[in-house]
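These are my notebook entries on one structure. I list what I looked up and what came back.

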Amino acid sequence: MRPNLTRRTLLGTGAAALGAGTLGLTARPASAQTAVSLQLSWLHSSQFAGSYIALDRGWWSEAGLDVSLLSGGPNAPVEPPVVSGAALVGISAADYTAAAVEQGAPFKILAVAMQKNPFVIASLPANPVNEPADLVGKRIGMALANTPVLQALCTLNGVDINEIEIIPTQYSAQPLLADEVDCLLCWETDLPVAMAMQGVESLTMLMADHGYAVHSQTYIATEDSLANRRAELVALMSGEVRGWDAYREDTDAAAALTLEMYPDAGLDLETQRLQAARQVPLMFSDLTDANGFGWWTDETVAANIETLALLGQTVTSDLWDRSILEEVHGA
Amino acid sequence: MTNAAAGTGRPLATGRRGAGGYGPMLGVLVLLAGWELAGQLLTEAFVLAAPSEVALYLVRDWQLMSRALGVTLGNAAAGFVIGNVAAVALAGVALLWPRSERVITGLALLVFCLPLVATGPILRVFFGPGPGPQIALAALAVYYTTLIPLLVGLRAAPDSWFDLVRSYGRGPMSALVHVRAMAALPYLFTGLQIAAPAAFLGAMVGEFTGAERGMGVLTVRAIRALDVEMTWGLATVATAVAILAYVGIGALARRVLLEAPPVILAAPAVATGRRLGGWIDTGLVILLALGGWAGAIWAFGLNPFFAKGPGDVLDALVFAPDAAATRATIGAALAESAVYLIPGYIAGLLAGAALAILLILVPAVASTAMPLAIALRSVPIVTTAPLIVLLLGRGAVGTIFLVAVMVFFPSFVACLQGLRQAPGQVMAVFDSYAAGPLARLVRVRIPAMLPAFFAAARMAVPASVLALTVAEWLATGSGIGSLMALSASLSDYDMLWSSVVLVSALSALGYVLVGAVERRVLAIYAPEQLA
C-alpha cells in the first residue's frame, strides 16, 4: 500500500532532510579548514582569475584551506597586511618587495606570476613608439613616482632621459587621446585594453622586451610563515598553480567566472576577456612550460638584480625562496 | 534655499516665495543645457559625458548603480551619525568644562589633519576586511566641521539670557539646555549640511583601501576604463545624494528654527592671563597627541614596520644619518604644495563668502548656484580633475582651482548661515528706516556673519590641506601628497609618518594664525565669542 503522503509529512521529511543537509555541510569543513587570506594587489578583475578558479572549483577547500581573497585598491598597500599577519600571502612585485625588505620587512618571494614585467610604453599608430630610441623628443604621461622606471629603461637602451618630456598625469589613457601627451607609461593589460574597448587602436612597447627585467605579480610571505606555516603555504600555492593552469586553458571562461563571482565590481565581460587574453604571454613562457607556473631560475633572478640596481635597489638572490614552489611542483 | 530671507523667520519673507516659483526650475534647466552642450562638444576628449548620455547609462546599469549606492550610502550614513554624535559629545564636554575646550579642539584638529593617504591603509589593517575603514573615514571627514560651528553656536546668545537663567538660581546645566542648545541649533544644522557631502566622499575614498563594492570602487574602475558615461553617472548620483541630504537637512532646520535670531549684546572680553593659559594648553595638546599616538601603537600591537611612533619620527627627522636628506625631501615637497595651497585657500574662502553675499542680495541666483555649489563639493576630485586639467591646463591654475573648490563649499554654507543670523530686531529697525539691501548687508549682515566666516576660515585650513594632498595623490602627482603616496607604495614608512607629522603640525599652525586674526576682529564685532 502506498504510504499516505500528506502535505504535513512531506513538509516534515523535507525539513528533516534540509536540516541534515545543513548539518552535514557545516560539520565537514569546520573540522578541518584553516582560514588564510591572500592579499591581492588591485581591485578584483581577471588579473587574479587563476585564484578565482581555484576558489570556485574547491581546490583549496579540498586541501583544508578556507581562503579569503582580499581586494586591493588605490590606497591599499599589500605589505602591511602581510607583515602584520592579516594575510598569509600577498601579491606584490620584485621592486616593491625589495623596497619593503630594505625597510626591514622580512619578505621572501615564493613564486612569480608575471614572468615578464607588464610595463609598456603605449602610443598611437600616427605617432608610434616602437623602440626606446623613439622616445626622444616625445611627451610621456606618467606618475612622477615612476621616473626611476623610465630612467632604468633609458639607461638599459642608451637613451638620454633629458630628451624626453615627462608630464605628470593621472593613471588614465585620456591625456593620450586628448593629445596632451604622445605616449603613456602604463600596464599592457589596463590602459591599452581600455582604449581598445573604446575603439582606439594603440601600440604597446613591452619594456621587458628591452631589458627591463622586474618580476611582477609575485607572491610574497614572511620568513616567519615560511618557517612555521609551510603546509598552508604549499596548499595555497598548489591551488594557485592549478588555478592558473586552468586559466590558461580557457581565458574566456576565466573572465566569465570573474564577472560571476564579483557582480558588484562593475566589470565588463568583453574588457575582462581581452585583459585575460593579453595577460597570458606575460605569465607563461618556455620556462614555465618546462618547470611549471611561477618558476624562476638563477639567470632570471640575476637579470632582476641588475635592473633593480638601476632602480637604486640593492638586492641579493636571497630575496627569492623557491622551496615552496619546488614542493608544489614536486621537483 | 529658495528664499534667502526665510532664515529670519518673518512672515513677510514667505510672501516672496511664490514670485520665485519658476526660478529653481529655470536655473536647473540652464545648468543642464550648459552641461549637455559642453558634454557634446568634448566627446573626443573623454573627460565629460552629457546629461543625456548619463541618463541613458543610469537607465541601463541602474541595478549595479543602486547596489553600489546602497553600500556607500550605508557606510556614509553610519560615519555621518558616529562623527556628528562625537562632535556633539566633544562640544558638550568643552562647554561644561571650559578649561578643556582648547585642548579638545586642538586634538580634534590634529586628528582631522591626518592625511587620508596615510590613515587609509592603517585603518584597513586595524579593521580587516569589511566596511570599517569606509565608516571611519566618513566619520573623520565630518566630526570636525560640526564641532567648530557648534562651539560657535553654543556661545551665540545674549548675556541677558544667561542673567535670566542665573536669576532663577539655575546653573550651567540649565543654561546649556534652555539657552545654549537653542542658540546652537542653527549652527548645528549648518555643520550637518556641510557634513553630508563630506561623509559621502569620505566613504568613497575609504573604499580605495581595498573594498569589494561601492561607488568609490566603481569610480576607480570607470576612470581606468575610459568609461566617461559611468564616471559621470557615478558623479551625478553622488551629487544627487548630497543635494538631497543638504535640502533635507535645510528643510528640517526651517521646521525647527522658528525664532528670529536674537540681538547678541555682550560685554567686551577683558584681557586676562589667557596668553600663559594658551601656551599651557598647546603644550598639553602636544603631550596628549604624542601620548595617544605612542599609546595606540602599543595598545593595538601595531607592527613597527608600518606603525612608526614619535621616537621613530624624531629619529628619522633629526638623528638618523640620512635625516638631512629626509628633511630636504619633505621640505621640497612642502614648498611645492604651498605654492598651490595658499592661493587656493584664499580664493576658495573669498569665493564662498562672495557667493553667499550675492545670494542674499539676489536670492533668485540661488536656484542655479546652490546645485552647482553642492555638485562642485560632492563630485569626487578624481572625476573632475581631468576636466579641470583640460580646461585650465596642468599648471598651477588647475591645482589651485581644485583646492579652492574644496574650501569654497564649507565657507559658502557657513557664510550664508552667518548672513542669515542678522538679528530680527535690528532688521526691523532697518525696515522702519526703509534701508536698502546694501545698507543692511554692510551694517547688519556682514558683522553678523563674521563669527561664522572665521569658523569657516579655521575649518578650511585642514580642509584645504586635505584637498591638496588628495589632488596631488590622485591627479597631479606632485608635492607632499604625492610624496606620501610614493612613500607608502615603497614601504618608506619613516618618510610617510614624518610627512604626516609635519603636515599636521603646519596645518595646526595655520589654524592658530587664522585664529589670531579672528580674535582681533571678533573682539570688536562679536565679543561673546571670546568669553
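At what angle do α4(B) and α10(B) pack, and how far apart are their axes? I get an angle of about 125°, with the axes 8 Å apart. That makes α4(B) oblique to α10(B), since angles under 35 degrees count as roughly parallel, over 145 as roughly antiparallel, 65 to 115 as roughly perpendicular and the rest as oblique. The axes are lines fitted to C-alpha atoms, for helices over the stretch in contact, and the angles run from 0 to 180 degrees between N-to-C directions.

Conventions, before going on. The model is predicted: local features need pLDDT of at least 70, side-chain atom pairs count only at pLDDT 80 or more, and totals for chains, interfaces and linings use all residues. Residues are numbered from 1 along each chain as its sequence is written, and chains are lettered from A and ligands numbered from 1 in the order in which they are written. Helices (H or I, at least four residues) and strands (E, at least two) are DSSP runs numbered from the N terminus.

**Entry: α4(B) with α10(B)**

I looked up the residues that meet. B:Ala68, B:Leu69 and B:Thr72 are on the α4(B) side, and B:Met215, B:Gly216 and B:Leu218 are on the α10(B) side. I use contact for two residues whose C-beta atoms, placed from the backbone, lie within 7 Å. Ala, Val, Leu, Ile, Met, Phe, Trp, Tyr, Cys and Pro count as nonpolar, Asp, Glu, Lys and Arg as charged, and the others, Gly among them, as polar.

**Entry: chain B against chain A**

I find 48 residues of chain B in contact with 45 residues of chain A. On the chain B side, the elements that give two or more residues are α4 (62-96), α6 (116-127), α10 (215-224), α16 (381-392), α19 (437-476) and α20 (479-489). α10(B) gives the most, with seven residues. This side of chain B has 29 nonpolar, eleven polar and eight charged residues.

**Entry: chain A as a whole**

I count 15 helices and ten strands in chain A. Its C-alpha trace spans about 95 × 45 × 35 Å along the principal axes. Of its 331 residues, 53% count as buried; the term requires 20 or more other C-beta atoms within 10 Å of the residue's own, with 12 or fewer for exposed and partly exposed in between, the C-beta atoms being placed from the backbone. Among contacts in chain A with a separation of 6 or more, 81% are between residues 24 or more positions apart.

**Entry: the two domains of chain A**

Chain A is divided into domain 1 (33-117 + 214-329) and domain 2 (119-210), with bounds from an automatic or database domain assignment. Taken over C-alpha atoms, the domain centres are 26 Å apart. 14 residues of domain 1 are in contact with 13 residues of domain 2. On the domain 1 side, α12 (269-283) and α14 (298-310) of chain A each give two or more residues. The largest share, seven residues, comes from α12(A). By class, this side of domain 1 has four nonpolar, seven polar and three charged residues.

I then checked α12(A) itself. The helix has 15 residues and reaches 21 Å from its first C-alpha to its last, close to the 21 Å expected, which is 1.5 Å times one less than the number of residues. Its buried residues include A:Thr271, A:Arg273, A:Leu274, A:Arg278 and A:Met283. Their cover includes α2 (49-56), β4 (107-114), α8 (191-197), α10 (230-249) and α11 (251-261) of chain A.

**Entry: α2(A) with α10(A)**

I find these two helices packed at an angle of about 110°, with their axes 7 Å apart. That makes α2(A) roughly perpendicular to α10(A). Among the residues that make the contact are A:Ala49 and A:Ile53 of α2(A) and A:Trp244 and A:Tyr247 of α10(A). The residues of this contact divide into six nonpolar, four polar and two charged.

**Entry: positive phi**

Most residues other than glycine have a negative phi. I noted A:Asp179, with phi near 60°, in the loop between α7 (174-177) and β8 (183-187) of chain A. A:Asp179 counts as exposed because 12 C-beta neighbours lie inside 10 Å. Phi of B:Leu226 is also near 60°, and this residue lies in the loop between α10 and α11 (228-256) of chain B. B:Leu226 counts as buried because 20 C-beta neighbours lie inside 10 Å.
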